[in-house]
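Please read this briefing alongside the sequence and the coordinates.

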Amino acid sequence: MELRLLSALEVLEARREAAQLAESQGERALCSNACLLARALETQEGEPVFSSGQAVLSGLRVEEISALARTWSQFNREENPP
């Protein structure tokens, strides 16, 4: 698996999907991270690893989602400094 940068539109789409998945405010961060990773994780051939945020939630543990989201956030900050 590889992480890639996302366009602004992809980030907005991830947020919208997360809002639909989260049933409470407490679930929003996990769902947001899962939806972000669904778009950012690719195989070496450039194919998505997961089809949706829900697929990420089904396929990874909470700890894995959190760790990958932190890695993506750091990668994004390094590539796109403020």
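The points below describe the model by topic.

This is a predicted model, in which local features need pLDDT of at least 70, side-chain atom pairs count only at pLDDT 80 or more, and totals for chains, interfaces and linings use all residues. Residues are numbered from 1 along each chain as its sequence is written, and side-chain values use heavy atoms, with hydrogens and water left out.

**Fold and dimensions**

- The protein chain contains 4 helices and 2 strands, where helices (H or I, at least four residues) and strands (E, at least two) are DSSP runs numbered from the N terminus.
- Along the sequence these elements are arranged as β-α-α-β-α-α.
- The radius of gyration is 12 Å, close to the 12 Å given by the globule rule for 82 residues, so the protein chain is as compact as a globular protein of that length. The radius is taken over C-alpha atoms, and the rule is 2.2 Å times the number of residues to the power 0.38.
- The C-alpha atoms fill a box of roughly 30 × 30 × 25 Å along the principal axes.
- Of the contacts between residues at least 6 apart in sequence, 59% join residues at least 24 apart; contact means heavy atoms within 4.5 Å.

**Surface and charge**

- The accessible surface of the protein chain is about 5,400 Å², and 48% of it belongs to carbon and sulfur atoms. Areas come from the Shrake-Rupley method with a 1.4 Å probe; for residues, only the protein chains shown count as cover.
- Of the 82 residues, 29% count as buried, that is, under 20% relative accessible area, with exposed over 50% and partly exposed in between (1.4 Å probe, protein chains only).
- There are 8 positive and 13 negative side chains, and the centres of the two sets are 8 Å apart. Lys and Arg count as positive and Asp and Glu as negative, while His and the chain ends are not counted. Each charge is placed at NZ of Lys, CZ of Arg, CG of Asp or CD of Glu.

**Nonpolar core**

- The largest nonpolar core has 8 residues: Ala 34, Leu 37, Ala 38, Leu 41, Phe 50, Val 56, Leu 60 and Ile 65. Helix α2 (residues 28-40) supplies the largest share of this core, 3 residues.
- Such a core is a set of buried Ala, Val, Leu, Ile, Met, Phe, Trp, Tyr and Cys residues joined through side-chain atoms within 4.5 Å.
- Beyond its neighbours within four places in sequence, Ala 34 contacts Gly 53, Val 56, Leu 57 and Ile 65.

**Single residues**

- Ser 32 lies in helix α2 and is partly exposed, because its relative accessibility is 26%.
- Pro 81 lies in the segment after α4 (62-79) and counts as exposed at 59% relative accessibility.
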